[in-house]
Amino acid sequence: PSNEFALRAFGVTLALRSKFGEAARHVDQACEIDPLCLMANTVAAWTRYLSGDVDRAIERCRHALHLFPDFGPAQRLLGAAYLKAGDDSRARATLEASVKADATDPIRLAWLAHLCAVSGARAEAKELIALALAQHTRRYVSSFHLAIAYAGLEEHDCAFAALDQAWLDRDPALATVTVEPRFDALRGDRRYVDLLGRLIDRKSVV
């Protein structure tokens, strides 16, 4: 009960099972134990983002960024939360600042590409995806996060190809595919069901 990491990890596990209320309680306990932990505060924001409580997600992200202004996970999640709240201008400013802090981070580039795509700036989104892909000679490029960008473009074939690559890469981020709201438009596709079949034991699905 006094282990911040254990509470945070259990909260993530619960969130992945869509048990957002329980997840939030455990992650909040983690934050109480270590209020200066950037990841605990960001995960607390993430659980709220997944449940649709964007106001609390924004609040938690801001707290993490008050502690460390260039903390990438909190910065890009804040941008995604602003977008979900309908505040496109703040979302764009936040994600652009995130990319400015590290213009070679494929995840930051992919998340900004998603925002550009859903905002109608398709050419800019594709340029950002190309920049993210170009980083493969220097650092790992997560196909899962590229799939988020392709989903924003409504290029579902490319999104599923990227998710399949994430499966082959054993990308740990793929565990969040069932709860990530930016993939909502893909869930009715048989390829999504096939992906889930490879991720989980069908017999355990409730």
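Modeller: Residues up to four places away in sequence aside, Arg 76 touches Leu 95, Ser 98, Ile 107 and Trp 111. Please bear in mind that this is a predicted model. Arg 76 belongs to helix H5.

Biologist: What makes Arg 76 a residue with no salt bridge?

Modeller: The nearest side chain of opposite charge, that of Asp 105, is 4.6 Å away. A salt bridge requires a side-chain nitrogen within 4 Å of a carboxyl oxygen, so Arg 76, although buried, has no salt bridge.

Biologist: Why is Arg 48 called buried?

Modeller: Its relative accessible area is 8%. Buried means under 20%, and therefore Arg 48 is buried. Arg 48 is found in helix H3. Its contacts, leaving aside neighbours within four places in sequence, are Ala 24, Asp 28, Asp 53, Val 54, Arg 56, Ala 57 and Arg 60.

Biologist: Which residues lie nearest the centre of the largest pocket?

Modeller: Met 39, Trp 46, Arg 76, His 145 and Thr 176 do, out of 27 residues that line the pocket. Two or more lining residues come from each of helix H1 (4-16), helix H3 (38-51), helix H5 (72-84), helix H7 (106-118) and helix H9 (143-152). The space in the largest pocket is about 630 Å³.

Conventions: Residues numbered from 1 in each chain as written. Predicted model: local features only at pLDDT ≥ 70, side-chain atom pairs only at ≥ 80, totals over all residues. Heavy atoms only, no water. 1 Å grid on protein atoms, 1.4 Å probe; cavity = no way out; pocket = protein on both sides within 12 Å on 5 of 7 lines; lining within 4 Å. Points joined across faces, edges and corners; volume = space filled by probe spheres on them. Helix = DSSP H or I, 4+ residues; strand = E, 2+ residues; numbered from the N terminus. Buried < 20%, exposed > 50% of the residue type's maximum accessible area, 1.4 Å probe, protein only. Lys, Arg positive; Asp, Glu negative; His and termini not counted. Contact = heavy atoms within 4.5 Å.
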